[in-house]
Amino acid sequence: MGSVTHTSDSKLVLGPLVLGIESSCDETAVALVRGDGTIVAQAIASQEAEHAPYGGVVPEIAARAHAERLAPMLEKVMGEAGVALSEVDAIAATAGPGLIGGVMVGLVSAKALAMAADKPLLAVNHLEGHALSPRLADRKLAFPYLLLLVSGGHCQILAVEGVGQYRRLATTIDDALGEAFDKTAKLLGLGYPGGPAVERLALQGDPKAVPLPRPLKGSPEPHFSFAGLKSAVLRAVESGAHADADIAASFQQAAVECLIDRLERALDTAGPFPALVVAGGVAANKTVRAALETLAAKHAMRFTAPPLALCTDNAAMIAWAGCERLAAEGPDFAGDPLEFLARPRWPLDPAAEAVRGAGYKA
Ligand code: KG4
Ligand code: ZN
């Protein structure tokens with residue numbers, strides 16, 4: 001990563017340079033991204049070790065860890081890129097949704113930098129970061145596209161029609177799929193984080209060995225439900241009748257079948273779309289990716305999945321969402337107000353109705 005020089009000419013070609021900060025869950029991340037999609041420098045620190053003893057993310061521990069790590073990481077990224085704060089065009093930070101303590105740490109830091117350097121602040125919706133990350137990975141991906149957003153906190157199907165234009169077609173009525181992966185991992189004693197561990201164990205198992213339900217499969221609206229699948233996994237574990245690897249493989253298979261069935265339904269009701277895109281942490285799962293690729297081919301859709309490092313939480317996607325917003329809003333855009341408050345909840349499509357099943361918690 002060499003030093004970056006820019007003249008007003010290069011800025012026209014390369015677009016703005018945006019500093020991004022992510023701190024909404026258990027990754028502290030900082031990145032510098034250009035409007036042409038170049039990730040100039042980035043750093044990411046996972047808090048896996050801090051949360052592992054508890055089997056999940058502890059909000060207070062997360063907030064403290066973000067507060068301790070963010071300043072040195074900012075210095076490291078700027079130093080590696082050889083960029084001064086005065087050369088950055090805007091400062092973007094996740095402003096929600098997420099664990100509020102962590103979000104506040106990142107957002108307050110971004111506000112301080114924006115104020116000190118007199119740069120625009122961009123308060124980015126974390127979900128918008130995930131939703132636009134495929135365009136950072138695939139610069140030819142045009143709007144509109146059908147997006148499956150599958151992470152630890154969310155499971156949604158969205159029609160992405162432009163920057164800031166998201167139509168939610170489906171959501172989960174109870175648990176997110178990442179959460180179901182994490183719970184399955186916990187039940188199988190695989191520890192935290194669960195998704196990659198379940199995926200690894202599933203490689204050694206038979207996906208047809210354990211009969212598990214496919215909740216909401218075939219239902220007219222394309223919503224998701226994973227609470228019943230999770231309970232069935234619990235019963236399968238408690239029965240003692242199955243090998244752990246078979247449970248992991250059968251769970252993963254049931255989950256993938258639900259995703260494909262619900263996407264087929266969304267295509268029936270809102271399609272066609274020129275492209276199918278997947279984002280969020282569960283998009284790192286290779287079985288999920290392969291099934292989506294097959295679905296896209298069947299419907300003659302382009303398929304884009306960001307590289308694994310851009311699927312799980314990262315700051316490049318936040319800086320990139322900032323680049324996209326700057327481009328969409330035009331030269332007179334002065335950024336978001338410095339009074340912008342961190343939001344624990346922040347739906348991408350505020351017009352979408354709340355859909356809540358019996359197991360809805362958050
Ligand atoms: O997007 P993300 O990093 O954070 C949220 O915004 O939630 O997603 C994290 C989730 C976790 O539930 C994790 O278990 C899941 O993504 N995940 C996976 C895999 N890698 C991460 N799930 C299944 N297979 C994977 N390989
Ligand atoms: Zn995320």
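The following legends describe close-up views of a predicted model.

Local features need pLDDT of at least 70 and side-chain atom pairs count only at pLDDT 80 or more, whereas totals for chains, interfaces and linings use all residues; side-chain values use heavy atoms, with hydrogens and water left out. Residues are numbered from 1 along each chain as its sequence is written, and chains are lettered from A and ligands numbered from 1 in the order in which they are written.

**View 1. Strand S9 and its side chains.** Strand S9 spans residues 275–279, and five of its five residues are buried (under 20% relative accessible area, 1.4 Å probe, protein chains only). Strands are DSSP runs of E with at least two residues, and helices are runs of H or I with at least four, numbered from the N terminus. Ala275, Val277 and Ala279 point one way, and Leu276 and Val278 the other. In a regular strand the side chains alternate between the two faces of the sheet.

**View 2. The neighbours of S9.** Strands pair if DSSP finds at least two bridges between them. S6 (residues 145–150) pairs with S9 in the parallel sense over four bridges, and Leu148 stands opposite Val278. Strand S10 (residues 302–304) runs parallel to S9, joined by three bridges; here Leu276 stands opposite Phe303.

**View 3. The zinc ion (ligand 2).** His126 (NE2), His130 (NE2) and Asp313 (OD) coordinate the zinc ion at 2.0 to 2.2 Å (donors are N, O and S atoms within 2.8 Å of the metal, or 3.2 Å for Na, K and Ca). Because His126 lies in helix H5 (residues 126–137) and Asp313 in the loop between helices H11 (308–311) and H12 (316–329), the pair ties together parts 187 residues apart in sequence. Both His126 and Asp313 are buried.

Note on methods
Buried < 20%, exposed > 50% of the residue type's maximum accessible area, 1.4 Å probe, protein only.
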